[in-house]
Amino acid sequence: MVDLLPDALQRWQAVESAAQEHFRCAGFAEIRTPMLEATDLFCRGIGEATDVVGKEMYSFNDRGDRSCTLRPEGTASVVRAALQHGLLSQGQQRLWYCGPMFRYERPQAGRQRQFHQIGVEWLGAESARSDVEVIALAWDLLAQLGVGGLALELNSLGSTEDRQAYRQALVSWLEQRADALDDDSRQRLSSNPLRILDSKNKQTQDLLEQAPTLADALSTESRSRFEAVQSGLASLGIPFQLNPRLVRGLDYYGHTAFEITSDQLGAQATVCGGGRYNGLIAELGGAMTPAVGWALGMERLMLVLEAAAAADPEGAAARLALVPAAQAYVVNRGDKAELVAMALARSLRSKGLKVELDGSGAAFGKQFRRADRSGAGWALVLGDEEAERGEVRVKPLHEQGEEQSCSIQDLSGLIALISS
Ligand code: ATP
Ligand code: MG
């Protein structure tokens, strides 16, 4: 689990506010759910046979001897909250969330035990067009942030019946070649065979080149739904590649599955993953309700943005990490001056200006050197004499120009001067 330090957080905050604005424009509302849930929610919502539930959850018994889990993902919690508060009886819900998630995995670049996701869930959305819309929501957010080198991979997992048929075909094909499978995949043959498609083992991947694909198993109906998603994306000009081995691995996922990957990330290349989960809401106790969503990994996004910023120091990604300097640096010394300076900084800040106040009481020369280093545009200078007269000296720090005196009472005059 990692600390996020002020330097890095500049970019995080810029991404979070861009995301917030992006979702607001698209009519998606934020939801915040607790980080701790009953373990059972994830066992039912994600599935016992998945890696996340099988070996990655932080679970413990609380003082009331109830099994609790630090949330490993957001979807199950969002659905629980929507059901618990009757949100679905009010119609479709377009929701987004962001926050920390916890998985006990081997930490490496782009993989932490506490990581952060921004996610979107559109509950009650049935059409192929809604799939296109949520994918576009992710794609456009990433593009707007200045992320280049992205690829959208797309697959259809078909209907429950399609998957059942495919599962049988895959299992019987793989059983004849079980010797060539890695240990994890061999175990999944009985527990969660579709997840084998997602194996990161090279030899297994090579073997799968020849395996029957989901695309062959799709019914006519599923196939035409998938075509509608593809033509929707094409009409928006969003490029994609079909990846017949892309799976979400859970029983409740069906039809559209997608991932957005970056060529900047090496092994952990997926920045965003999502798809349709028409079975989940019913599984968690609601009425059968279609839904589609995605989650984006913030840490991986940050790695991509760092690379983009390094490649183009003038570009959008680089601008995200710019820390604006203070507009004014208040140089002050003397008993009366220090009190007046504090009040002046406070008034300016209340008008939205970024003001740094030197609190050292050091000699003026020292304070001026700090003012220069701060990057502020103006020094506001107060000694006891100025304070006595109710004035402040205003001195440009970078631009050429005369030092001027300004009345402290005339706050708007002062603001006009240092905003010029
Ligand atoms: P992976 O195959 O990389 O483990 P996943 O399928 O487990 O990904 P999802 O559950 O789909 O991932 O989560 C969505 C996104 O969250 C991922 O695409 C990734 O960007 C991010 N993510 C998932 N696990 C981690 C982690 N341990 N550390 C950092 N980011 C993560
Ligand atoms: Mg994972």
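Which handedness, left-handed or right-handed, does the crossing of α1 and α5 have?

**Entry 1, ground rules.** I am reading a predicted model, in which local features need pLDDT of at least 70 and side-chain atom pairs count only at pLDDT 80 or more, while totals for chains, interfaces and linings use all residues. Residues are numbered from 1 along each chain as its sequence is written, chains are lettered from A and ligands numbered from 1 in the order written, and side-chain values use heavy atoms, without hydrogens and water.

I looked up α1 (residues 6–25) and α5 (residues 128–145), which pack at about 135 degrees with their axes 11 Å apart (helices are DSSP runs of H or I, at least four residues; axes are lines fitted to C-alpha atoms over the stretch in contact, and angles run from 0 to 180 degrees between N-to-C directions). I noted their crossing as right-handed, meaning that the near helix is turned clockwise from the far one by less than a right angle.

I found 15 residues around ligand 1, with Arg103, Glu105, Arg111, Gln112 and Lys200 the closest (a residue is near if one of its heavy atoms lies within 4 Å). A polar backbone atom of Gln112 is 2.9 Å from a nitrogen atom of the ligand, and a polar side-chain atom of Arg300 is 3.1 Å from a ligand oxygen atom; polar contacts are pairs of N or O atoms within 3.5 Å.

Definitions and conventions: A polar contact is a pair of N or O atoms within 3.5 Å; within protein, one must be able to donate a hydrogen and the other to accept it, and residues adjacent in sequence count only if both atoms are side-chain atoms. Helices (H or I, at least four residues) and strands (E, at least two) are DSSP runs, numbered from the N terminus.
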